[in-house]
Amino acid sequence: MHVVHDGPRQAPPAPSYDVPVQAGRTAAHRVRRADRAGRRGQRLTVRRRHPVGWKMAAALRGRASTDLMDTYHAERHPAGAWVLHITQAQRVFANPRPSADAVELRKVFTDLMRLPEANRHLAGLMSGLSHSYDLPGDHPLVGHRVAGLDPSLFLAGRPVLLDLAGILPHDLGATRAQPVDGLPHAILVRPDGYAAWAADTDPDLDALIGNPCWPLMA
């Protein structure tokens with residue numbers, strides 16, 4: 001079989017990336033490197049790509065400055081360090097030729113895993129769902145994952161302001177929803193499901209409007 005070439009082929013010109021895309025490409029590269037941490041790192045990688053995605057989209061659409069991409073490292077670097085810590089700890093249990101001390105440690109650990117509270121704690125650690133961010137705010141929920149919400153609220157990939165008790169002014173455009181056990185009366189939830197702002201009573205509207213996620217709702 002003869003292959004006929006119609007002349008030398010040239011690669012398409014490299015695209016010109018602006019600052020937000022370059023920042024996003026750098027962050028995405030860091031995400032791919034986390035894959036090398038094993039299965040724990042793979043689960044973490046899935047959770048890391050979401051923060052990269054919504055921040056990159058906000059910067060590209062002009063709804064946020066490129067400074068938003070700079071927060072990625074500060075937020076996710078501790079999570080990456082935690083994965084390495086857990087991976088190193090697991091080597092004690094995964095050793096096919098454990099020492100006598102390691103065998104006894106396994107027995108103690110097995111007993112602990114039979115406790116429901118310890119089991120839930122370990123499940124949160126292994127899945128990464130218990131990880132929290134050091135975000136500005138006085139409410140204890142800020143920086144933590146918000147559980148029990150309808151996933152369809154986040155289909156637009158933007159922060160969602162929830163009013164679960166009718167305590168916010170109507171002109172803020174909050175989504176009214178039924179109260180959820182264990183959640184505050186009002187929450188500003190990031191696209192990745194973490195609370196950026198929260199209030200139980202007498203909400204601090206200045207802190208809400210000054211929150212970095214507020215401009216991303218437009």
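Predicted model: local features only at pLDDT ≥ 70, side-chain atom pairs only at ≥ 80, totals over all residues.
Residues are numbered from 1 along each chain as its sequence is written, and side-chain values use heavy atoms, with hydrogens and water left out.

## The sheet

Let's start with the strands. Helices (H or I, at least four residues) and strands (E, at least two) are DSSP runs, numbered from the N terminus. Two strands count as paired if DSSP finds at least two bridges between them. With that in hand, there is an open sheet of 4 strands, in the order β2-β1-β3-β4, and its pairing is mixed. β2 (175–176) and β4 sit at the edges with a single partner strand each, so one side of each has no neighbour in the sheet.

Going across the sheet, β1 (residues 160–163) pairs with β2 in the parallel sense over 2 bridges. Aspartate 163 has arginine 176 as its bridge partner in β2. On to the next pair: β1 and β3 run antiparallel and are joined by 4 bridges, with leucine 161 partnered by leucine 188 in β3. β3 (residues 186–189) is also antiparallel to β4, again through 4 bridges, and here valine 189 has alanine 195 as its bridge partner. β3 and β4 make a hairpin with 5 residues between them, and glycine 193 in the turn has a positive phi of about 90°.

How covered are these strands? For the terms: buried means under 20% relative accessible area, exposed means over 50%, and partly exposed is in between (1.4 Å probe, protein chains only). In a regular strand the side chains alternate between the two faces of the sheet. In β3 both faces are covered, with Ala186 and Leu188 buried on one side and Ile187 and Val189 buried on the other. β4 (residues 195–199) is mostly covered too, with 5 of its 5 residues buried.

## The cores

A nonpolar core is a set of buried Ala, Val, Leu, Ile, Met, Phe, Trp, Tyr and Cys residues joined through side-chain atoms within 4.5 Å. The largest one has 16 residues, and those with the most contacts inside it are Leu141, Val146, Leu149, Leu162, Leu183, Ile187 and Val189. β1, β3 and β4 are the elements that give two or more residues to this core. Another core lies apart from it, with 11 residues that include Leu188, Ala196, Ala199 and Leu208.

Contact here means heavy atoms within 4.5 Å. Leaving aside neighbours within four places in sequence, valine 189 is in contact with Val146, Leu149, Phe154, Pro159, Val160, Leu162 and Tyr194.

## Aspartate 204

Past the sheet, aspartate 204 lies in the loop between β4 and α6 (205–209). Aspartate 204 counts as partly exposed because its relative accessibility is 43%. Its side chain reaches the backbone nitrogen of aspartate 206 at 3.2 Å. Leucine 168 is 36 residues from aspartate 204 in sequence, and the two are 10.0 Å apart in space, C-alpha to C-alpha.

## Salt bridges

A salt bridge is a side-chain nitrogen of Lys or Arg within 4 Å of a carboxyl oxygen of Asp or Glu. By this rule the count comes to 5. The table gives some of them.

| Arginine 114 | Aspartate 111 | 2.6 Å |

Arginine 114 is exposed at 59% relative accessibility, whereas aspartate 111 is partly exposed at 47%. Arginine 120 and glutamate 117 are both exposed. These two are 3 residues apart in helix α5 (residues 116–127), so about one helical turn separates them. In the remaining row, arginine 190 is buried, with a relative accessible area of 3%, and aspartate 192 is buried as well, at 12%.

Conventions: Polar contact = N/O pair within 3.5 Å; in protein donor to acceptor, adjacent residues only side chain to side chain.
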